[in-house]
Amino acid sequence: MINKARPVIVVGAGPVGLCLALALSQAGLPVVLIESATDAGFLDQVPRAGTNHPPTLEMFDRIGLYEKIEPRGLVAPVFHYWDRADQQLVAAFDHISLKDDTKFPYVLQCERIKIVEEAMKMAKVDPLIDVMLGTTFLSFEQTADGVDAKIAAEDGTHRVIDGSYIVSAEGARSAVRRQLGIEFEGFTYPDRTLNIEVAYDFKKHGYADRNYISDPGEWSNLFHWVGPPDIWRVHFPTKPDEDPEKLTSPAELQGRLRRFLDMGSDFEVRGSNLYTVHQRVAAKFRAGRALLVGDAAHVNSPIGGMGMNSGIHDAFNLADKLIAIARGEADESVLDRYERQRRQIAIEHTQAQTMRNKRILNETDPVIRRKNHDELKKSAEDPVLARQFMLRASLINSIREAEAIL
Ligand SMILES: Cc1cc2nc3c(=O)[nH]c(=O)nc-3n(C[C@H](O)[C@H](O)[C@H](O)COP(=O)(O)OP(=O)(O)OC[C@H]3O[C@@H](n4cnc5c(N)ncnc54)[C@H](O)[C@@H]3O)c2cc1C
């Protein structure tokens, strides 16, 4: 039986918190969704990418979100590996090799901001979701059968709300995780990544909508996003001690872009930013009635587009368990299984794969580079190997592996 009196408290209306709230409410569970951004400022967020892999699209479809974001995104079945040093296409992978594995044999390039905008519209009209914008979570206490969360409204007033569970979807700086003293184990790369947004059609030069470009000196990622105007994001490595102002100066940005592709004139740069990359996983994803999901539980390099995807997979995994508990179909021990499944995937799949992706792009040893490229080429050209490669890259394997963890 579903307990309508005590909502699940979800902290953070990023893509993970919103998906969790919608999955719970659609199964009849009430939710209080706490978000520190105000209604007026909600869409005023730093742009972050959003390569949405097939299992994530299946999850969006389950809550009715896919049909809202598909028209705002770009269906991209193919991605490329390039060798910048030799100016050569190394391998082209096509999601069509997954046509028997998923309803969505492609990625949807749709930025995080569009996803949260559409999901927030759905949450606001959902009668079982109490959306509390402009509200910041402060701390919580838990007993054997519930939680009390202390929150601050925009005007600074505090109040306490009562719930059955508290789920931190607050992102990497999770206050719930810090209150619980759960260690965020891992490391931070000393160098930052430079993201430049350019209004230019790189397809004219043979690139796909998603490109991973290896180079011993200056690797890149190149991704296409729907406009208007259409934007391509180009990522470059930087050195740890480089001055951020110099790195993002117009001359430096044009210099980087023209070294990458010289058309004899300047590019139309639409924006740029530097970001720090962490590889960290929380030591625990559960402490009694408190649970961690998404970036609150794990953060990783964006090479491979896995952070938001794996966070959304956490949300649906946890939603199914909270729904089963509420319906009396499972006891609370399933929440420990949530931790076992999603923590192992975060370490052995997401973190391992994104670290491997970075190593392939910035490998300097010519023999290893050649070997990496030969393997990629072989994988792309052999249909059996291509499907195996794509099952891993698309995160379908990570979902199947999680199911096998008891
Ligand atoms: C440059 C870049 C590119 C990326 N590209 C990709 C990609 O292509 N694919 C991919 O899968 N991932 C990508 N990622 C990672 C992705 O953006 C994150 O993994 C994802 O946004 C995490 O979602 P989340 O909902 O867990 O947390 P967030 O998106 O960080 O959302 C957390 C929310 O919680 C709110 N909040 C925080 N603290 C409180 C509090 N105390 N009280 C109330 N509210 C609070 C915040 O305001 C925010 O709205 C990229 C990241 C970067 C930096």
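Mentor: Helices (H or I, at least four residues) and strands (E, at least two) are DSSP runs, numbered from the N terminus. Residues are numbered from 1 along each chain as its sequence is written. This is a predicted model, where local features need pLDDT of at least 70, side-chain atom pairs count only at pLDDT 80 or more, and totals for chains, interfaces and linings use all residues.

Trainee: How do α9 and α12 lie to each other, parallel or oblique?

Mentor: The axes of α9 (residues 333-362) and α12 (residues 396-403), lines fitted to C-alpha atoms over the stretch in contact, come within 9 Å. They cross at roughly 140°, on a scale from 0 to 180 degrees between N-to-C directions. Under 35 degrees is roughly parallel, over 145 roughly antiparallel, 65 to 115 roughly perpendicular and the rest oblique, so α9 and α12 are oblique.

Trainee: Which residues of α12 does α9 meet?

Mentor: Contact here asks for C-beta atoms, placed from the backbone, within 7 Å. On the α9 side are Q341, R342, I345 and H349. Their partners in α12 are S398, E401 and A402.

Trainee: Is G163 buried or exposed?

Mentor: G163 sits in strand β11 (residues 158-163), and R6, P7, V8 and I9 are among the residues it touches. The count for G163 is 21 other C-beta atoms within 10 Å. A residue with 20 or more is buried, with 12 or fewer exposed, and in between partly exposed, C-beta atoms being placed from the backbone, so G163 is buried.

Trainee: Is L395 buried or exposed?

Mentor: L395 lies in the loop between α11 (383-393) and α12, and its phi is near 75°, positive in a residue other than glycine. Most residues other than glycine have a negative phi. With 25 C-beta neighbours inside 10 Å, L395 counts as buried.

Trainee: What is omega for the peptide bond from P228 to P229?

Mentor: Both P228 and P229 are in the loop between β15 (220-225) and β16 (231-237). A cis peptide bond joins G227 and P228, with omega about 15°. The bond from P228 to P229 is also cis, and its omega is near -15°.

Conventions
Contact = placed C-beta atoms within 7 Å. Lists of a residue's contacts leave out its neighbours within four places in sequence.
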